[in-house]
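The points are grouped by topic.

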Amino acid sequence: MNEEQPQIILPHDDGEATARVPALARDVLPEQLLVLPLRARPYFPAQTMPLVIEDEPWRETIERVGNTPHKLVGLVYSRHPAEIDVPRPEDFAVWGTVARVHHPMREDGRIQFIAEGIERFRIKSWIKTERPFVAHAEYPRVAPDQGKEVRAYALAIINKIKELLPLNPLYKESLKAFLDRFTPDNASPLADFAAAMTSADAEQLQEVLETVPLLRRMEKVLLLIQHELEVAGLQSEIRKRVEERISEQQREFFLREQLKQIQKELGISKDDKTVELERYRDRLDGRSVPEDARRRIEAEMDKFAVLEPGSPEYGVTRNYLDALTDLPWGVTSPDNVDLDHARKVLDRDHAGLEDVKERIIEFIGVGKLRGEIAGSILLLVGPPGVGKTSIGQSVANALGRRFYRFSVGGMRDEAEIKGHRRTYIGAMPGKFVQAVREAGTMNPVIMLDEIDKVGASYQGDPAAALLEVLDPEQNTGFLDHYLDVRMDLSKVLFVCTANQLDSIPRPLLDRMEVIRLSGYLTAEKVTIGSRYLWPKQRARAGLAAGDVRINAAAMKAIAENYAREAGVRNLEKLLGRIARKAAIRTLRGEGGAKGLSVTTANLADFLGHPPFRKQTPNRGLGIVTGLAWTALGGATLDVEATVVHSKNRGFKLTGQLGEVMRESAEIAYSHVAAHLGDYGGAADFFDEAFVHLHVPEGATPKDGPSAGITMATALLSLARGAKPKRAIAMTGELTLTGRVLAVGGIREKIIAARRAGVREIILPAAVKGEFAELPAYIHQGMTVHFVADFAEVVRIAFD
């Protein structure tokens with residue numbers, strides 16, 4: 001081999017010289033054969049096609065092949081991974097094809113040559129296991145192409161090839177190359193050629209190559225070519241459908257263009273821009289658009305008329321005109337101010353809440369006298385689940401207005417309120433413009449949920465942006481940044497909801513009329529559950545009225561022992577759980593013809609053991625029941641005091657008390673210790689007593705001044721050595737001089753006392769007016785003492 005030859009690989013690579021190499025007979029095929037690996041698929045004896053291999057690893061092999069007189073190389077399928085350039089001997093398949101190399105050329109780090117398949121061979125052993133690979137080749141003996149079966153299979157293969165030819169033009173080129181070397185009567189080359197035509201995977205083709213018996217090989221080839229025919233037919237069908245669809249679209253396009261030209265010639269054509277402008281003008285017909293807004297719309301429409309559809313400004317202007325012209329300028333819905341109708345709607349949608357309903361009726365009555373219900377902002381404050389959102393919907397139904405609700409909880413961007421400026425990509429109007437646009441009137445009821453949870457960030461303060469919207473003196477000319485024209489929101493009725501007032505900014509709170517929803521009594525919960533919640537949950541579970549029933553006692557037990565919160569949201573979840581369990585039992589055939597019945601006896605089977613038990617206020621030495629307010633409603637707390645030892649004076653507080661509550665405890669301790677003799681105790685009791693005061697449920701944070709008189713009474717009970725004479729609960733702030741000051745949450749605290757079975761309570765004298773406004777059914781059957789001084793508390797509790 002000539003190692004110094006850099007570019008020309010074969011010493012005789014001209015076309016004539018290669019063409020003159022005679023075909024070798026079987027008995028002169030070389031026993032030692034240089035081998036090249038093929039990764040993609042095996043090579044067949046009937047093939048003649050170009051091959052491309054990497055230059056660096058296989059240059060020496062090709063050069064050695066060029067120096068042989070027969071120019072033959074073994075092409076063998078290799079299963080080595082793609083990331084490995086040179087396979088190991090064990091990666092090679094056992095069977096391959098002897099091929100003659102024609103016209104080898106090097107270019108761009110690759111070697112290209114034409115391989116003419118001659119005969120299949122088997123690697124008997126390896127002579128050289130490194131590059132260039134050399135193997136000891138063994139050639140099989142193939143029986144002559146005789147017999148009826150062979151001819152039948154050959155005709156079947158030829159027919160399949162004929163069916164394939166119209167489906168892919170590449171098959172015609174392959175067939176032409178085959179017929180240049182063989183005739184269709186040569187069954188063995190025909191089978192190999194047909195297998196090489198298919199797109200079968202490499203392992204299937206290698207299996208055909210290794211099948212030497214002709215009949216078995218033709219059987220396998222016929223299956224492969226049949227599968228290829230099915231795949232090619234499917235591809236042809238897909239291509240035909242795509243071409244038909246494209247042709248149809250092109251036809252429609254040309255017809256549409258022709259129609260436009262015909263309409264233009266007849267003077268009846270309208271382009272898309274003209275249609276848009278006419279639509280905008282049609283929207284404004286019959287609407288009372290303010291003069292400044294009309295001027296802006298006309299100016300934008302004039303600009304839109306000269307813009308090209310491909311211009312970036314075209315889409316921005318179209319969206320702006322869409323928003324401006326789609327607003328219901330001057331369109332209002334008539335108010336239904338019939339007070340009887342309003343009361344019926346409120347009673348239909350809600351049970352209880354009599355004081356809230358009266359406030360809403362008063363609000364509608366004032367609007368009736370004024371001639372309009374405008375310029376008002378209602379704020380519904382109460383615990384979760386008491387019906388704040390649904391009351392807003394009922395107000396809209398009572399007035400006959402459209403209703404739009406959105407939540408401002410967690411809102412941090414003031415652009416949500418006042419809109420984005422049009423210079424930004426994706427700019428859009430604020431929520432209030434969207435609400436009016438969707439409602440279709442200028443006087444809808446807009447509900448702002450969770451207004452106490454508005455956030456603030458570097459993008460602005462939405463609460464500050466709400467000041468303009470919710471101020472009747474300013475919202476007559478509300479300016480949205482996107483619209484950039486004044487808009488009158490004074491006819492909108494705003495209804496806001498909140499769980500507490502502390503987190504609402506004071507300037508915003510001053511603009512609202514506060515209506516408190518304190519929570520439901522047990523009787524009200526039973527009514528709501530039976531009349532509203534249970535039918536809804538039963539229907540949601542697919543149950544009929546006769547399939548399952550809950551009696552009044554069971555409903556009361558659910559309200560008292562499972563759903564003791566102020567609202568009814570948890571009550572609804574529990575009823576949904578009962579409905580689902582009842583549905584399963586009904587499917588199992590339980591209940592019979594009479595259906596299932598949920599009673600107090602089997603309630604635990606549906607809901608498990610109750611998390612709450614009937615509370616009986618503790619009465620003992622140093623134990624006094626207090627009343628507290630929480631975000632979920634009212635609650636009772638037992639304040640406990642005891643003497644740890646009498647070695648030295650001391651005072652300890654536990655129960656996760658807040659700073660204000662700890663100060664109240666210290667004030668109570670100081671006041672009782674200073675006036676112990678006046679209140680019937682030993683004046684020196686606290687001089688040597690180490691007192692520990694605890695408020696149970698230590699995992700629950702507690703704060704506020706309203707437990708002042710409760711803690712003072714517990715300390716006095718300990719000092720006097722006498723427990724309170726009656727089951728009594730109390731609330732009130734205590735000062736260092738013994739005065740009792742007003743506290744909040746009176747309604748919730750009275751409901752909590754009633755729920756706990758306490759029928760006698762002590763309240764500050766300063767809340768007597770608030771107490772008088774409460775509905776009578778809340779404090780019916782209860783004894784209420786109003787006190788202004790702690791001495792009165794002592795007299796009521798002990799004397």
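**Sheet and packed helices**

In this predicted model, Leu378 stands opposite Glu513 in E13. Strand E7, residues 377-381, runs parallel to E13 and is joined to E13 by 4 bridges.

**The open sheet**

- The sheet is open and has 5 strands in the order E8-E9-E12-E7-E13, with parallel pairing.
- Its edges are strand E8 (403-407) and strand E13 (513-516), each of which pairs on one side only.
- From one strand to the next, the twist averages 20 degrees.
- Helix H12, residues 354-370, lies across E7, strand E12 (493-498) and E13.
- The direction of H12 is at about 150 degrees to that of E13.

**Helices H18 and H20**

- Two packed helices are described by the angle between their axes and the distance between the axes.
- For H18 and H20, the angle is about 45 degrees and the axes are 9 Å apart.
- H18 is therefore oblique to H20.
- The crossing in which H18 passes H20 is right-handed.
- On the H18 side, the contact is made by Lys525, Gly529, Leu533, Trp534, Lys536, Gln537 and Arg538.
- On the H20 side, Leu571, Glu572, Leu575, Gly576, Ile578 and Ala579 take part.
- By class, the residues of this contact of H18 with H20 are 6 nonpolar, 3 polar and 4 charged.

**Buried residues of H19**

- Helix H19 spans residues 552-561, and its residues Ala554, Met555, Ala557, Ile558 and Ala559 are buried.

**Buried residues of H2**

- In helix H2, residues 55-66, the buried residues are Asp55, Pro57, Trp58, Thr61, Ile62, Glu63, Val65 and Gly66.
- The buried residues of H2 pack against strands E1 (32-38), E2 (48-54), E3 (72-78), E4 (92-107) and E5 (110-128).

**Trp126**

- Trp126 is placed in strand E5.
- Trp126 counts as partly exposed because its relative accessibility is 25%, and the buried class requires under 20%.
- Pro89 is 37 residues from Trp126 along the chain, and their C-alpha atoms are separated by 7.8 Å.
- Apart from neighbours within four places in sequence, Trp126 is in contact with Val35, Pro89, Phe92, Phe133, Val134 and Ala135.

Methods
Residues are numbered from 1 along each chain as its sequence is written. This is a predicted model: local features need pLDDT of at least 70, side-chain atom pairs count only at pLDDT 80 or more; totals for chains, interfaces and linings use all residues. Side-chain values use heavy atoms; hydrogens and water are left out. Two strands pair if DSSP finds at least two bridges between them. Helices (H or I, at least four residues) and strands (E, at least two) are DSSP runs, numbered from the N terminus. Axes are lines fitted to C-alpha atoms, for helices over the stretch in contact, and angles run from 0 to 180 degrees between N-to-C directions. Contact means heavy atoms within 4.5 Å. Buried means under 20% relative accessible area, exposed over 50%, partly exposed in between (1.4 Å probe, protein chains only). Angles under 35 degrees count as roughly parallel, over 145 as roughly antiparallel, 65 to 115 as roughly perpendicular and the rest as oblique. A crossing is left-handed if the near helix is turned anticlockwise from the far one by less than a right angle, and right-handed if clockwise. Ala, Val, Leu, Ile, Met, Phe, Trp, Tyr, Cys and Pro count as nonpolar, Asp, Glu, Lys and Arg as charged, and the others, Gly among them, as polar.
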